[in-house]
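Colleague: I have a model open and would like to learn how to read it. Can you take me through the main features?

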Amino acid sequence: MGADCEDAVKQLSSLMEQVEAPLKRSFQNVHQGYPKETLMRFLKAREWNVSKAHKMIVDSLNWRIQNEIDSVLERPIVPVDLYRSIRDSQLVGLSGYTKEGLPVFAIGVGHSTYDKASVHYYVQSHIQINEYRDRIILPRLSQQFGRPVTSCIKVLDMTGLKLSALSQIKMLTSISTVDDLNYPEKTETYYVVNVPYIFSACWKVVKPLLQERTKKKVKVLSGCGRDELLKIMDYSSLPHFCRREGSGSSKHSAPDVDNCFSLDHPFHKELYGHIKEQASHRELIKMGSLHVSIPEPDLNDAKIVEVIQAEFQKIGEQDGSTNGHKD
């Protein structure tokens, strides 16, 4: 890290010492003993502009306090059948670790339907996974390796991506905005696999709109990506949809113990068990979903959503013309 970057971290650290006590307490949950690395993440997200990074982190801490994020791991989604249906329609899980010790999160983008519960439950579930990663998994790895482990990689499976995914764009934008503004620079690399034409067409028009930093993080792999991913992880850590060509992310393509999307997978059993155990220490358990306020996306992100919507519409019109009719 250069002298300018070191100086920026010092300036931001000095500003953070001046924030109010509730924000300082929440910041401890965020940094988990690694304040410098956390400040660096927010600085990177704002191109090392100290005042912008300071505003971003203060806004994020206020968001955490207003939405009770610090206690989100004490709010189980009940009954368990509801949680199972969320896991079956919001496909995400921890498949293993890279050779360098980074967690590997798998996401079934194409087959996620988000149609079994309200948007509030899906956002709550997403935040719980983020918080469990940041407050349990990453500190555990940092202790194990004797160095800060503060990020992960994500493998995005596009199997099954269809034009109907356009109906989920609002949900996906909400989740993406929560991540961009409150969990910046948490993903080292996004590996995109099992890519259909519709993704390739959208990627072609979206890529020029992305910041250079973000572009470098996205790697579109051929087929299921198995050979490339085996360079950075062992076979046992490969997501189930990457283990053989054409395997896809079908919920029935692997035993539930190997399918990291399933509630029966060790990661989800551990996560749900932890939340229930934490809830048992509370005198009063709040029922129902957590209604989290979704920040407004920045102008560039809003533009990207518009471009994706326009591209989906164009592809739909082309398909309609090819079939001799329009939708």
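Predicted model: local features only at pLDDT ≥ 70, side-chain atom pairs only at ≥ 80, totals over all residues.

Colleague: Now helix packing. How do I describe a pair?

Modeller: For two packed helices, give the angle between the axes and the distance between the axes. Take helix 1 (residues 3-16) and helix 3: the angle is about 105° and the axes are 10 Å apart. That makes helix 1 roughly perpendicular to helix 3.

Colleague: Which residues of helix 1 and helix 3 make the contact?

Modeller: Helix 1 supplies E6, A8, V9, L12, S13 and M16. Helix 3 supplies K36, L39, M40 and L43. By class, this contact holds 7 nonpolar, 1 polar and 2 charged residues.

Colleague: And what is the angle between helix 6 and helix 11?

Modeller: Helix 6 (residues 119-145) packs on helix 11 (residues 266-279) at about 100°, with 11 Å between the axes. Helix 6 is therefore roughly perpendicular to helix 11. On the helix 6 side, the contact uses Q128, I129, Y132, I136, I137 and R140. On the helix 11 side, F267, H268, E270, L271, H274 and I275 take part. The contact of helix 6 with helix 11 splits into 7 nonpolar, 3 polar and 2 charged residues.

Colleague: Next, empty space. What is the general idea?

Modeller: Roll a probe the size of a water molecule over the atoms, and it shows where empty space is left. In this structure, a search of the whole model finds 2 cavities of 30 Å³ or more.

Colleague: What volume does the largest cavity have, and which residues lie nearest its centre?

Modeller: The largest cavity holds about 90 Å³ of space. Its lining has 13 residues, with H31, Q32, D134, T150 and K186 nearest the centre. Helix 2 (21-31), helix 3 and helix 6 each give two or more residues to that lining. The largest share, 4 residues, is from helix 6. By class, the lining of the largest cavity has 5 nonpolar, 5 polar and 3 charged residues.

Colleague: Where does the largest cavity lie relative to domain 1 and domain 2?

Modeller: Domain 1 and domain 2 both give residues to its lining, so the largest cavity lies between them.

Colleague: What about the second largest cavity: which residues line it?

Modeller: The second largest cavity has a volume of about 50 Å³. The lining is N29, V30, R41, R64, E131, D134, R135, N182, Y183 and K186. Helix 2 and helix 6 each give two or more of these residues. Helix 6 has the largest share, with 3 residues.

Colleague: Pockets, then. How many residues line the second largest pocket?

Modeller: There are 15 lining residues, and K44, T150, S151, E185 and E188 lie nearest the centre of the second largest pocket. Helix 3 (35-45) and strand 4 (187-193) each give two or more residues to the lining. Helix 3 provides the largest share, 4 residues. The volume of this pocket is about 330 Å³.

Colleague: How does the lining of the second largest pocket divide by class?

Modeller: It divides into 4 nonpolar, 3 polar and 8 charged residues. Domain 1 and domain 2 each contribute at least three residues to the lining of this pocket.

Colleague: Last, the backbone. Where is there a cis peptide bond?

Modeller: Look between V78 and P79, where omega is about 0°. P79 sits in the loop between helix 4 (50-66) and helix 5 (80-89).

Colleague: What is phi of E47, and what is phi of N194?

Modeller: E47 has a positive phi near 50° and is not a glycine. E47 lies in the loop between helix 3 and helix 4. N194, also a residue other than glycine, has a positive phi of about 50°. Find N194 in the loop between strand 4 and helix 8 (197-206).

Note on methods. Residues numbered from 1 in each chain as written. Heavy atoms only, no water. 1 Å grid on protein atoms, 1.4 Å probe; cavity = no way out; pocket = protein on both sides within 12 Å on 5 of 7 lines; lining within 4 Å. Points joined across faces, edges and corners; volume = space filled by probe spheres on them. Nonpolar A, V, L, I, M, F, W, Y, C, P; charged D, E, K, R; others polar. Domains from an automatic or database assignment. Axes fitted to C-alpha atoms, helices over the stretch in contact; angles between N-to-C directions. Parallel < 35°, antiparallel > 145°, perpendicular 65-115°, else oblique. Contact = heavy atoms within 4.5 Å.
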